[in-house]
Amino acid sequence: MSIAMPARGRTSGGGARRSGREGVLVVLAGLAISLGFNGQIVVRPGSAVLGGIGDPFLQIWEMAWQHRFLTGGGEFWTANMFFPAPDNFAFSDTLLGYLPLSLFGDGPTAAVVRYNIAYVLACALAFIGCYLLTRQLGGSWQASALAGVVFAWAPWRLAHASHLNILSTGGIALALFALARGHGFSFRHGLRPERARPWWALAGWLLATWQVTLGFTVGIPFVYLMGLVGLVIVVAGVVKRRELGRRVHLADGAGIVVFLVVTYLLTRPYLRVVDSYRFTRSVHDLELLSPPPEGLLTASNQTSVWRGTPFNMWHEGVLDHSWIGEPGAAEKLLFPGLVVLVLAVVGLVVSAWPVRVRAGLGIATAVLTIFSLGTTFFGGEFTYLLLWKYLPGWEALRTPGRLILWVSLLLALLAAGAVTRFGQLWAERSPTPPAWRKRLVAFLLLLPALGALLEGVPSQPRVTPPEIPPDLHQAFTQSREPMLVLPVSLSPDTFSEYTYLLWSTDGFPKLANGYSGNFPPQYEEIVAASKTFPDAHSIAVLQKYGIRKVVVLKAAGPSADVLKRPVDTLRLTRTESADLVTFTVH
């Protein structure tokens, strides 16, 4: 099957070969740019992680747990953290869609390599998907390149370098591309049933299903979008039933069933978690993480181009940026890029898209931009809070700024319409230009994509995962009973819950430690008791939850107080090695 299609007429053999070559080049370009931008992890795939200590280590562990399940079996949704809390793997996004990468490799190094491969692929797929979507909708190849670059490497995405679940958006664009292709739809020509391709329609729903398996942080808004897409397809099927053909309807029906069944099955453990633990997000959570309006023009400090400029303003003071130092500041950096902003505005007036299309894109962009500000836009009562209160599942989303993902996609499509129209205007003025002029104009039309790409050049922090202490490695691989590792710390440092999870990929011992966006009551009680360990109260709490072993890392500064406390009157056995002091509760 060819990837792209000519704007008019049926695809000839030569046209199919050309579009096939274009598809190959797009894939190669996406991979090449992603490999270049993420060169630090390409050169050191097993010993470098982008985004620092923190969420990346959690996501490395998540993918490694999938490997542990595939090779060792057991209960998938109850992982080796937060013992004894069940269904703890459903406390965060699972990245389950990357399961094929989990087939190979054991231990922390293999886990880091696996994660880095997924990281590079996620960026590449976002570019490839949005390029193909824009091409299908009627954009020129230069306009499609611009859209792909914006969707994959807009400045706001660099603030989420530590969130693979947020960067993994390629399935969104690929699904929309395949569905548009499957129904013969484009912005420029509308619905053309004679171009409908049933297998592409089915592929679109399957790609949408895959995207949902990566996590519900992005997946919840996407499920609602696919609901709207499905409604449009049903209406179009009723209106143009004979024209679209029976095979297209069957493909849609089969695809929708798969999408709904898989989505439902994925929600079940999350619903159990909500029912068991009563995890909730409050309006106060939304207020803390709602971006101020100036966040729309503030870029991450990880952008090579905008660092130190008015669009970064970490130190400029042009606007009130006191919120930069607040918790969750990265969630408030929403700058989509100057190139796409300018061209999107132009695209409202000068565009290859029909007026109704660009008007719809413009209105949707404005609405979603307002919604992305959460409660900072007049309290959010008539914007984000409507979604949060009345759409099932949306109450789990405490970060309104992540809606900038959808704003970026809409801006990219508006800008692509402008670039495509520029090419049309030139072609109308010079129907038969000399070859050199044609190549020059093609390059000039590519400049917006190159400018947007320059805005996305990253300057990201890289960390080397700390080596697991030899004695802890031995304890992790040989112990079969639950344990607590001290000190407990949620700070992104060497001796922290993040690091313990990464280290636990060596043997997957049952740990009372853990990290996620939600913390079960068992963990909170154990952590509170550990502050006075060893004493009678902390030992009683550990016994309550079936934890008989406490491992204290001697190299960690906070461990000094634990090791000074007397144990003579307690029912404990203390043993010491080079790296650890191990307490066994009797």
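Let me start with a lining: the residues around the second largest pocket divide into 31 nonpolar, two polar and no charged. Here Ala, Val, Leu, Ile, Met, Phe, Trp, Tyr, Cys and Pro count as nonpolar, Asp, Glu, Lys and Arg as charged, and the others, Gly among them, as polar.

Some ground rules. This is a predicted model, where local features need pLDDT of at least 70 and side-chain atom pairs count only at pLDDT 80 or more, while totals for chains, interfaces and linings use all residues. Residues are numbered from 1 along each chain as its sequence is written, and side-chain values use heavy atoms, leaving out hydrogens and water.

Back to the pocket. About 1300 Å³ of space lies in it. A pocket is an open set of points on a 1 Å grid over the protein atoms alone, where a 1.4 Å probe fits, with protein on both sides within 12 Å along at least five of seven lines. Its volume is the space filled by probe spheres set on the points, which are joined across faces, edges and corners.

The lining of the second largest pocket has 33 residues, meaning those with an atom within 4 Å of a point. Nearest its centre lie Leu176, Leu225, Leu228, Val229 and Val232. α10 gives the most, with eight residues. Helices are DSSP runs of H or I with at least four residues, strands are runs of E with at least two, and both are numbered from the N terminus.

Next, the sheet. Four strands form an open sheet in the order β5-β6-β8-β7, with mixed pairing. Two strands pair if DSSP finds at least two bridges between them. At the edges stand β5 (483-486) and β7 (572-576), each with a single partner strand, so one side of each is left without a neighbour in the sheet. Neighbouring strands are turned by 20 degrees against each other on average, direction ignored. Axes are lines fitted to C-alpha atoms, for helices over the stretch in contact, and angles run from 0 to 180 degrees between N-to-C directions.

What joins β7 to β8? A hairpin does, through three residues. β7 and β8 (residues 580-585) run antiparallel and share five bridges. Thr575 stands opposite Thr582 in β8. Leu572 has Val585 as its bridge partner in β8.

Helix α22 (residues 536-544) packs on this sheet, touching β5, β6 (549-553), β7 and β8. Contact means heavy atoms within 4.5 Å. The direction of α22 makes about 70 degrees with that of β8.

Now the rings. The whole structure holds 32 aromatic pairs. Rings of Phe, Tyr and Trp (its six-membered ring) pair if their centres lie within 6.5 Å; planes under 30 degrees apart count as stacked, over 60 as edge-to-face and the rest as tilted. Tyr500 and Trp503 have ring centres 6.2 Å apart and planes at 40 degrees, so the pair is tilted. Both lie in helix α20 (residues 497-503), three residues apart, about one turn of the helix.

Last, the backbone. The peptide bond from Leu486 to Pro487 is cis, with omega near 5 degrees. Pro487 sits in the loop between β5 and α20.
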